[in-house]
Structure formats: structure tokens, C-alpha cells
Amino acid sequence: MSRDLLYRSARQIAADVRTGKISAAEVARAFLDRIEATDGQLKAFITLSPIAEPPNPAGPLAGVPVVLKDNLCTRDVPTTCGSKILRDYRAPYEATVVTRLRAAGATILGKTNLDEFAMGSSTENSAFFTTRNPWDLDRVPGGSSGGSAAAVAAGQACAALGSDTGGSIRQPAALCGVVGFKPTYGRVSRYGLVAFGSSLDQIGPITRDVADAALLLQVIGGPDPLDSTSLPDPPPDYLNQIERDIRGLRIGLPKEYFGEGLDSEVRARVMEALKLLESRGATLTDVELPLTPYAIATYYIVAPSEASSNLARYDGVHYGHRTEASGSLIDLYARSRAEGFGPEVRRRIILGTFALSSDRIDAYYHRAQRVRRLIARDFERAFRLVDVIAGPTSPTAAFRIGEKAADPLSMYLCDVYTVSANLAGIPGLSVPCGFTSSDLPVGLQILGRALDDLTVLQVGRAYERETGPMTRRPPLPAPSS
Amino acid sequence: MELVAGIETHVQLKTASKMFCGCAVRFGSPPNSLTCPVCLGHPGVLPVLNRKALELGMRAALALNCRIAPLTKFDRKNYYYPDLPKNYQISQFDVPLARDGWVEVRSEAQTRRVRIHRAHLEEDAGKLLHEEQGSRSFVDLNRAGVPLLEIVTEPDLRSSEEAYAYLSTLKSILRAVGVSDCDMEKGELRCDVNLSVRPPGSTALGVKTEIKNLNSFRYVQKALEAEFRRHVAELDAGRTIVQSTWLYDPDQDQTRLMRVKEFATDYRYFPEPDLPPLAIRDEEIEATRRSLPELPAARCDRFMREYGLSEYDAQALVSERVMADFFEDVSKATGKPKTAANWVVNEVARILNEKKAALEETRLAPSALSDILSLVEAGRVTAASGKEILAHCVDTGRPPAELMKELGLEIVTDTDEIERTLDGIIAANPKAVADFKGGKDATMKFLVGQVMKATKGRVQAPKAEELLRKKLR
């Protein structure tokens with residue numbers, strides 16, 4: 001099968017399947033071959049799914065091969081969350097987004113690697129293995145949805161779903177040179193997404209172009225009676241409204257997103273992209289997000305607090321890993337959890353438990369919630385002046401495996417430009433905007449008003465239209481050394 | 001010393017399904033048959049509030065004269081226990097559904113207001129079953145996620161009788177407004193009490209202890225008495241009371257130490273991020289308030305005023321809404337409220353008690369008792385026969401007139417037949433007849449008794465006496 005199919009858009013594959021030019025099974029075969037040929041090096045997959053009966057051949061995603069981050073529940077294969085504690089866990093139900101993908105005709109190829117329970121920015125926290133960056137196998141793909149981003153970049157899948165609690169869709173998308181979109185909080189049902197930070201978590205698409213992201217959002221978005229935090233109104237038709245002239249569009253550049261810590265090459269690529277948009281009629285305006293320096297601290301209180309409670313259920317009693325050692329009930333809990341959770345997850349559970357404890361909750365959790373509201377207000381103020389806010393997705397391009405693994409704080413700083421969108425509940429998109437001199441992709445981040453996912457997608461699409469489809473392909477399979 | 005007590009009651013709200021998922025609520029189902037991924041706490045599931053639970057919680061709170069919070073929310077109460085699948089319970093912490101209510105409690109001669117501190121919604125946990133031989137434990141999660149309303153009083157109770165009366169009143173109110181059946185045997189109502197003592201006249205509160213897992217109102221009363229005795233004895237002996245939790249042992253009639261509270265458990269409450277805050281509109285509150293039926297206390301007063309019932313009868317009737325409704329139906333149909341009350345409180349209650357059945361579980365309709373009372377009133381059956389018919393109605397639900405005929409209980413009105421019977425009695429009792437004629441008037445009673453016996457009560461005694469006197473004159 002031609003390499004062209006592997007990099008064809010979801011829109012095109014679905015159209016070809018609907019018109020009978022190619023069958024869903026042929027498409028699936030081609031991608032499975034690609035996975036076979038590359039995943040030994042890439043290590044994007046935790047589990048391959050059995051390819052089920054021919055999916056809906058008339059659906060909007062007819063025959064489109066999609067992969068799922070392995071924190072989305074499926075009935076057919078385990079949902080591990082990249083954790084030993086759920087290594088053999090098989091969910092008795094299916095996530096709403098998965099049901100919607102299947103109903104739209106998508107073929108689910110498998111479940112991709114992630115940092116354990118989505119806690120991390122490199123997949124190095126996966127209990128199983130580290131996924132490689134398809135552009136440089138010695139580097140991380142970003143995280144936590146690193147497996148999903150790597151698979152899409154490497155042509156192992158046409159599209160993927162990830163989850164984004166503090167940047168976990170956008171940052172790996174940037175590091176792997178693909179499109180990643182975190183919708184407005186509540187736009188996509190979280191039912192069946194294994195919870196990390198419930199008030200921050202949002203599922204979103206990882207694709208090779210913005211129009212495909214719009215198409216996937218169309219399919220997975222919309223109200224869900226099983227998620228009380230899902231937005232009640234039906235989403236607009238993103239795909240049909242994606243093309244838009246950006247003349248007169250006001251783009252805000254927060255100076256806090258271009259300061260210390262930003263790699264000069266990343267800055268250069270992002271500025272080139274913004275100048276291109278300006279040359280097509282958009283205006284660039286400086287805006288202020290003065291609370292940006294507090295975003296990481298706020299995030300690393302709110303998210304672990306919720307996680308400490310969300311992860312309490314993994315106790316060895318009802319399902320998941322149970323210690324072999326005998327002892328009291330407390331021993332059963334303590335040993336099962338100590339054996340089942342990796343160090344980063346343990347660290348965050350301890351952080352969160354501390355931040356919620358009765359004599360600390362005012363100083364930490366409650367204060368963080370107040371700062372969180374102020375951060376949201378920062379954005380509201382800025383969005384009175386501009387239509388979208390743009391800047392780098394990640395301060396650096398992909399870093400080397402092991403480079404930050406020993407230093408959690410430097411790893412946390414990978415999220416410096418992305419966490420605010422989760423704290424404020426606003427939509428954020430990462431679009432590839434070129435490469436560094438070492439051939440590593442750079443991502444442009446576009447943030448929008450809450451509920452205004454459409455404008456964000458339109459701006460990303462406008463940029464993509466100007467630059468044309470990405471023709472560079474990652475060097476995979478790489479010659480073995 | 002004065003007893004000061006407060007009561008926390010967990011009441012199961014009468015919903016068809018659980019609080020945050022669609023699983024049915026049914027007592028006595030096979031273990032873990034009423035479960036789903038949500039109430040089993042699987043990864044990735046989310047709670048969805050059962051609006052009926054909120055509605056019933058509001059109903060109960062309004063019936064207890066509480067203020068409903070215009071904006072309320074759910075919180076997570078975090079603790080590890082195998083009957084709690086998520087290892088947190090969805091409850092309400094700092095903004096409960098309702099606050100500041102009161103219940104009027106009548107005990108002995110006085111009526112006092114017991115203040116309700118707060119009432120909040122929460123989900124129930126599952127049940128642990130421990131092997132009798134061996135060390136294994138089993139978990140049944142049928143009850144996990146069943147909606148509860150926790151009702152907490154202020155420390156306003158001053159005697160064990162008052163505690164008993166409070167619980168009886170609470171139960172009758174909750175049953176009257178239809179929010180719970182309050183069947184303690186099914187765990188639909190559970191209470192924990194706390195108690196402290198102080199010198200009479202003092203307003204300060206002493207150190208309190210808690211008594212848990214009390215499964216009847218009588219045990220609440222006895223446990224409070226036992227714990228009161230213990231407090232007084234400790235203080236008399238110069239010792240101090242330590243904050244602690246106790247269990248009541250009914251066999252020994254004393255409390256046993258369960259645990260000493262060295263430090264409070266840290267539940268790390270925080271707002272449940274999976275459930276948006278709940279705004280309750282004034283119109284919603286007012287509509288619920290308007291939909292409440294007449295409450296037992298008001299109904300009791302009305303029964304005394306309107307029907308001239310004694311407080312005892314009125315109180316007995318209103319404690320069960322179904323009984324009170326039944327009484328009112330019979331009373332209206334017959335126009336004889338006192339007779340109706342008398343029959344309901346004594347006869348109907350006695351039969352139900354013997355059968356250990358609730359009125360609504362039997363086939364007795366108000367029209368049946370009305371018919372029986374009419375038959376008695378019209379002199380077609382004696383009161384004794386009426387009671388016999390009533391017992392049959394409870395079992396069969398058949399019309400009383402039919403039962404009367406079938407059982408041969410209709411009073412004999414055919415004068416010839418009565419005369420023949422009397423003649424027979426006179427002939428058979430020559431000595432009594434002679435005594436009577438000789439002036440021993442008391443013998444008449446014996447002769448009437450013989451008539452009743454011979455006719456199985458189908459002749460009215462005054463009628464028999466009148467005819468006998470005529471014959472023996």
C-alpha cells in the first residue's frame with residue numbers, strides 16, 4: 001500500500017471508503033502493516049485492538065484508522081493507563097467518545113502509551129516503556145499523550161484521541177509535529193476517560209491537519225447525559241465553518257509567553273508563523289496575562305488534589321493489582337498501591353493529600369482555587385481586546401530521553417504555556433509551525449475564549465492553508481544502528 | 001444531673017434508582033446484583049444526580065421546617081474502607097441542602113421544639129459480610145450509592161423519653177410526606193446519638209460521647225439511659241469523660257467502648273468536581289412546600305378539634321398516614337367519627353398487630369369498615385359479630401354484607417323464631433325460671449346469657465330480655 005495512504009487526511013479516507021474506492025479493511029491492513037514495520041522502534045502502542053466487524057461504511061469517519069490514548073475505556077482490550085496497577089484491567093463499559101467514534105465508522109487500531117495516569121510530559125513515566133519521538137528516536141515524543149502523537153506523526157494512525165489536563169494533548173502534538181486540540185472544558189464528554197484532575201481533564205483529537213481535528217471534534221463532542229459537566233448545547237458544525245478569512249482578526253501575544261526559558265529557535269518559528277498571519281490581514285497586539293508565573297504552582301496543587309481522590313479507588317480490593325503479601329487491610333491497601341503506582345504518581349498523590357489535609361487546605365487547595373479564578377479573569381480581560389491569544393506551545397522542542405527524568409520541576413515547566421488553558425477551561429490548539437535546525441518540530445499554540453472553539457480552529461486552519469500541507473515525513477523506520 | 005443529647009439520623013430516600021446511577025434500589029436482592037460500573041467505582045465513570053433524590057430531600061427538609069440553600073453543592077469525603085468502592089463518599093460538607101429546622105416533640109406532659117441543625121444528601125456505602133468461621137470478608141455493593149438524607153439535631157434533647165418521642169415524630173413526618181418508609185429492619189433509618197451531662201441550671205455543654213449503630217428507637221432510649229448512668233457514675237467517682245464512641249449492649253443493658261477519638265479523622269473534603277453546583281429556585285422550593293400534605297402534628301390537632309377525638313386516639317391515628325387517611329374515609333362515610341376512631345385504633349390496629357402487617361398490605365378498604373359500622377348501627381349484626389366480619393375483610397377483602405350472611409351472623413329478627421328459642425330456654429331451665437318468678441331478678445341475666453349462647457349472639461340481648469320478661473310476667 002502506498003505511503004500516500006498513510007498520510008492521507010481523515011476526510012479523504014472517509015470519502016474514499018464511502019464511495020467504495022477502498023475498503024475499510026484495506027485501510028486498516030495498510031496501517032497495521034505500518035505499525036508492524038515501525039512500532040518496534042517507536043513504541044507508541046501498549047495494545048493493538050482486534051479489528052472488529054466492518055464499521056459504519058457511510059459515517060463521517062468511515063474506515064478512518066484511529067488510536068486511543070490508553071486511559072480511554074474500551075471493552076475489547078485492557079485499559080492500563082500506563083500503570084502496573086491497571087495492567088490487566090478490562091473495563092466493563094466503553095467511553096462515550098469511543099462509542100461515538102465507532103458509530104461514525106472509525107476503525108480503532110489500538111491503545112497508545114502515556115505517562116502513568118497521564119501524569120507527565122514525556123511518556124517516561126509509563127510503567128511499561130518510553131515512546132520515541134518519530135523525528136529523533138533518542139528524544140521524547142512529549143506527554144502525556146505521547147503515544148497518540150507519535151503514532152499520528154509516524155503514519156501509524158490517521159488520527160488519535162488524547163487527553164489534556166495541563167497540556168497533555170498540545171505539548172506532544174508540538175513535539176511530534178502534528179495538530180493537537182484541547183476543546184473548551186465540557187465540550188467533550190469525559191465519561192470513560194480515567195480521571196486524573198476532573199476539573200481540568202478534557203479529551204481532544206490529535207491529527208495531521210486542523211480540518212481533521214474539526215471533523216473529529218464534531219464526532220466526539222456534544223452533550224452527554226452520562227457526564228454532568230458536559231456542555232448542554234450541541235456544538236456548531238466545525239468542519240463546515242472552518243474556512244475563514246482572517247483579515248481583521250486580532251491576535252494577542254502575551255509577553256509572559258515569550259520571556260525567559262523560551263528556546264530561541266522555538267521563538268523564531270512561532271514569530272515567523274505569527275508574522276505570516278499578520279501579512280494575511282490579522283493584527284498582532286501585545287496582551288498581558290500577569291498571573292502566568294503562578295499558573296504552574298496553581299496547577300500542581302489543583303491537579304494532584306483531585307488526583308489524590310480520583311486514584312484512591314485503586315486499592316487492590318475491587319479490581320486492579322493486589323499485593324501477594326498477606327497482612328491487615330491497611331497492609332493490603334498500602335502494599336497494593338506501593339507496588340502498583342510509579343514514583344511520579346505516588347509523588348502527586350502525596351502532594352494532593354497534603355494540599356487537602358484539614359490544616360493545609362486553606363493555604364494550598366483553597367488558595368489555588370482562588371488564583372485559578374484570577375487566572376480565568378486574566379484571560380477574560382485579554383479576550384476583550386483580542387479574538388485569540390497565540391504563542392509557543394512548549395518552551396523547547398523535543399528533549400532527550402532521560403534529560404529531565406531526574407528533575408520533576410524542570411519537567412513540570414514543560415507545561416508553562418499550556419496549564420493556564422486548563423485552569424481557565426478555555427480551548428487551545430497546537431499547530432506545527434516549522435522545524436528547528438536539528439529537524440525537530442515546533443508548535444504554535446492558539447488559545448480562544450471559552451466556548452469559542454470554532455475561532456481557534458479557524459485561525460489554525462488559516463495558518464495551515466497558507467503554509468500548505470506538511471510534506472516532511474519522519475525518518476521511519478530508521479536504519480538500525 | 002441533666003442529660004443533653006443530639007441525634008444524627010440517616011434516612012434512606014424512597015427512590016426507584018440509586019443516587020448517581022441507574023441501578024435499582026431493592027432490599028434483599030442477591031449480593032452485587034444491583035450494581036453497575038458507576039456504583040462499583042470503576043475507572044472513568046461519572047456520577048449523574050438523581051433528581052428524585054434531591055426532590056425527596058427537599059420535601060423532607062421542608063417538612064422539618066428547614067431553610068433550603070438556594071445554591072448547594074456536593075463534596076467528596078475521602079476515606080478508605082472496602083464497602084466504599086471509590087474510597088470517597090459523595091456527600092455535602094459546608095453547604096448542606098438544608099439548615100435551621102425544628103420538630104415539635106410531644107412527650108409526657110410537655111411539647112418542646114427540637115431544633116434541626118442541618119440536613120444533607122449523601123450516598124450510602126455497601127455492606128461488609130464477615131465469615132463466621134474463618135477470616136474472609138465479602139462485600140455486597142447493592143446498597144452502595146443508595147440516596148440518604150442525614151438529619152442532625154442540635155443538642156436539644158433532655159431525656160431518653162424525649163429522644164424516643166423525637167424519633168417517633170421524625171419517622172411519622174417522613175412517612176407522612178412520602179420520602180421514606182423508615183423501616184429500621186431494612187436499614188432505611190439508622191441513628192447515632194451523642195450525649196453529655198451537666199448540672200441542672202448550667203448552660204455549658206459537658207464532654208460528649210457518641211453511641212453508634214442503634215437499630216431501634218427502644219434501644220436509643222435504653223442506650224441513652226445506660227450512657228447517662230455511666231457519665232454520672234464517672235463524674236461522681238471524680239473521673240472525667242473522654243470523647244469516645246460507644247456501642248450499646250442490650251443483653252447487659254450497658255454501653256461498651258468502641259474507640260477513643262484521639263484525633264479527628266481527616267476526610268479531606270473538597271467540592272466534587274464531577275457534579276456542578278446546584279441552584280434551587282424559590283419557585284421550586286415553594287412548589288415543593290405547597291405539595292406537602294398536612295403534617296402529623298397539625299392533623300392531630302385537627303382530629304381533636306374537628307372530630308372531637310381524644311388526644312390518645314388522634315395521636316394514634318396520625319402516627320401512620322395510611323391509618324389516618326383510612327379513619328377519615330370511614331368517618332366521612334358513616335358520619336360517626338368517634339365510633340370510627342374507636343374501631344380503627346382498637347380493632348383494626350389489633351388485627352394488624354396480630355398479623356404483623358401494615359394496613360396497606362391487607363385487603364381492608366375503608367368502605368368495608370364503613371359498611372360494618374352501618375350494619376352494627378342498623379342492628380343487623382352485634383358489635384362482636386362486626387369484629388368477626390372485620391377480621392375476615394382484612395383477609396379476603398370481600399363485602400361485609402356477604403360475609404355476614406355466609407358466616408350466619410345476621411341478627412334474628414323473625415319474632416316467631418325468637419319465641420321458639422325462648423320457649424326452649426324456659427323449658428330447659430325450670431329452676432332459673434322459678435327463681436326469677438320468686439323475685440330473684442338477677443337470674444334474668446343468666447337466662448339472657450343462655451339465649452345468646454343458643455343463638456350464637458344472633459339475638460340482641462336487650463331484645464331477648466324484653467321478650468323473656470314479657471313471657472315470664
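# Salt bridges, cores and helix packing in a predicted model

Glu294(B), Arg299(B), Arg302(B), Glu306(B), Arg321(B), Asp325(B) and Glu328(B) are joined to one another in a network of salt bridges. The model is a predicted one. Over all chains, the structure contains 75 salt bridges.

## Individual salt bridges

Side chains of opposite charge can pair when their charged atoms come close.

| Salt bridge | N to O distance | Placement |
|---|---|---|
| Glu243(A) and Arg461(A) | 2.9 Å | 218 residues apart |
| Asp94(B) and Lys73(B) | 2.8 Å | 21 residues apart |
| Arg350(B) and Glu354(B) | 3.1 Å | 4 residues apart |

The salt bridge in chain A is between Glu243(A) and Arg461(A). This pair connects distant parts of the chain: Glu243(A) belongs to the loop between helix H7 (210–220) and strand E7 (250–254), while Arg461(A) belongs to helix H15 (residues 453–467) of chain A. Glu243(A) has a relative accessible area of 43% and is partly exposed. Arg461(A), at 15%, is buried.

In chain B, Asp94(B) and Lys73(B) form a salt bridge through their side chains. Here too distant parts of the chain are linked, and each partner lies in a loop: Asp94(B) between strand E5 (88–91) and strand E6 (98–107), Lys73(B) between strand E3 (71–72) and strand E4 (75–78) of chain B. Lys73(B) has a relative accessible area of 17% and is buried.

The pair Arg350(B) and Glu354(B) sits within one element, helix H8 (residues 337–355) of chain B, with a spacing of about one turn of the helix. Arg350(B) is partly exposed, with a relative accessible area of 37%. For Glu354(B) the value is 58%, and the residue is exposed.

## Chain B overall

Chain B has 15 helices and 16 strands. Its radius of gyration is 30 Å, well over the 23 Å that the globule rule gives for 473 residues, so chain B is more spread out than a compact globule. Along the principal axes, the C-alpha atoms of chain B fill a box of roughly 95 × 55 × 55 Å. Buried residues make up 49% of the 473 residues in the chain. Of the contacts in chain B with a separation of 6 or more, 68% are between residues 24 or more positions apart.

## Helix H12 of chain B

Helix H12 of chain B covers residues 415–428, which is 14 residues. From its first C-alpha to its last the helix reaches 20 Å, close to the 20 Å expected at 1.5 Å a residue. Its buried residues are Ile418(B), Leu422(B) and Ile425(B). These lie on the same side of H12(B), because they cover an arc of only 60 degrees around the axis. The cover over the buried residues of H12(B) includes helix H14 (443–455) and helix H15 (461–472) of chain B. On the face turned away from the buried side are the exposed residues Asp416(B), Arg420(B), Ala427(B) and Ala428(B).

## Nonpolar cores

In soluble globular proteins, nonpolar side chains tend to be buried together. The largest nonpolar core has 152 residues, and within this core Leu101(A), Phe117(A) and Phe379(A) touch the most other members. Not counting residues up to four places away in sequence, Phe117(A) touches residues including Cys81(A), Ile85(A), Leu86(A), Val194(A), Phe196(A), Leu311(A), Tyr314(A), Phe341(A) and Val345(A). Another core lies apart from the largest one and has 63 residues, among them Ile7(B), Met19(B), Leu49(B) and Met58(B).

Gly391(A) is located in strand E9 (residues 388–392) of chain A. With a relative accessibility of 1%, Gly391(A) counts as buried. Leaving aside neighbours within four places in sequence, Gly391(A) contacts Phe258(A), Val270(A), Gly443(A), Leu444(A) and Gln445(A).

Thr169(B) is part of helix H2 (residues 160–176) of chain B. Its relative accessible area is 18%, and Thr169(B) is buried. Leaving aside neighbours within four places in sequence, Thr169(B) is in contact with Val103(B), Glu104(B) and Val105(B).

Terms used
Residues numbered from 1 in each chain as written. Chains lettered and ligands numbered in written order. Predicted model: local features only at pLDDT ≥ 70, side-chain atom pairs only at ≥ 80, totals over all residues. Heavy atoms only, no water. Helix = DSSP H or I, 4+ residues; strand = E, 2+ residues; numbered from the N terminus. Expected span 1.5 Å × (residues − 1). Buried < 20%, exposed > 50% of the residue type's maximum accessible area, 1.4 Å probe, protein only. Arc of directions from axis to C-beta. Contact = heavy atoms within 4.5 Å. Core = buried A, V, L, I, M, F, W, Y, C linked by side-chain atoms within 4.5 Å. Rg over C-alpha atoms; globule rule 2.2 N^0.38 Å.
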